[in-house]
Amino acid sequence: MTKLALGTHPFLLGFEQLERLVERTAKSGNDGYPPYNIEQTSENSYRITLAVAGFAEDDLAITVEDNSLVIRGRQSDDAEGRVFLHRGIAARQFQRSFVLADGVDVGEAVIENGLLHVDLNRAVPERVIQTINIRKG
């Protein structure tokens, strides 16, 4: 059985980058922390919601790097001088990445009730029809 790649299909020209993107996403190996939801809020907008209970605004960083939305969290360990009989709430850091398609822009980010909401908007591209002139060789 042969594997048919997107880059080798005769009708899909220029999709080699998409194949690399799928491979990169599969290798990202996110461990499931923190849990998140992705919802479509309208035809051209989305919302990513992460459960970040215990993280303050200053503990979170949101960046866009090479068409990837990267959300990082790092809590400062304020356990100095405290004695825990049980510590079930860990001061755990995380990095969660989401690959963005061309034309998807990150809107605002809001934190409320332990949930971080990041809004995404997809620009609707104009329909382009181009006529190519044929000249004699």
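User: Let's start with arginine 72: what does arginine 72 count as, going by relative accessibility?

Analyst: Burial is read from the relative accessible area: under 20% is buried, over 50% is exposed, and partly exposed lies in between (1.4 Å probe, protein chains only). Arginine 72 counts as partly exposed because its relative accessibility is 29%. Bear in mind that this is a predicted model, where local features need pLDDT of at least 70 and side-chain atom pairs count only at pLDDT 80 or more, while totals for chains, interfaces and linings use all residues. Residues are numbered from 1 along each chain as its sequence is written, and side-chain values use heavy atoms, leaving out hydrogens and water.

User: Which side chain does arginine 72 meet in a salt bridge?

Analyst: A salt bridge here is a side-chain nitrogen of Lys or Arg within 4 Å of a carboxyl oxygen of Asp or Glu. Arginine 72 meets glutamate 65 in this way, at 3.1 Å from N to O. Glutamate 65 is partly exposed, with a relative accessible area of 34%.

User: How many salt bridges does the rule give, and which residue does arginine 47 pair with?

Analyst: The count comes to two. Arginine 47 pairs with aspartate 119, with the closest N and O atoms 2.8 Å apart. This pair links distant parts of the chain, since arginine 47 sits in strand β2 and aspartate 119 in strand β7, 72 residues apart. Aspartate 119 is buried at 16% relative accessible area, whereas arginine 47 is partly exposed at 24%.

User: In what sense do β2 and β7 pair?

Analyst: Strands of a sheet pair through backbone hydrogen bonds, either parallel or antiparallel. Helices (H or I, at least four residues) and strands (E, at least two) are DSSP runs, numbered from the N terminus, and two strands pair if DSSP finds at least two bridges between them. β2 and β7 are antiparallel, with seven bridges, and leucine 50 stands opposite leucine 116 in β7. Strand β6 (residues 104-112) also pairs with β7 in the antiparallel sense, over seven bridges; there, alanine 109 faces valine 118 in β7. The hairpin of β6 and β7 has two residues between the strands, and asparagine 113 takes a positive phi near 50° in it.

User: In what order do the strands of the open sheet run?

Analyst: Three strands form this sheet in the order β3-β4-β5, with antiparallel pairing. β3 (60-65) and β5 (94-99) are the edge strands, each pairing on one side only. Strand β4 (residues 68-73) is joined to β5 by six bridges, and valine 70 stands opposite serine 97 in β5.

User: Which residues touch the most other members of the largest nonpolar core?

Analyst: A nonpolar core is a set of buried Ala, Val, Leu, Ile, Met, Phe, Trp, Tyr and Cys residues joined through side-chain atoms within 4.5 Å. The largest one has 14 residues, and Leu50, Val52, Leu69, Ile71, Phe94, Leu116 and Leu120 touch the most other members. β2 (45-51), β4, β5 and β7 (115-122) each supply at least two residues, and β7 gives the most, with three.

User: Where does valine 22 lie, and is valine 22 buried or exposed?

Analyst: Valine 22 lies in helix α1 (residues 16-26). Valine 22 counts as exposed because its relative accessibility is 51%.
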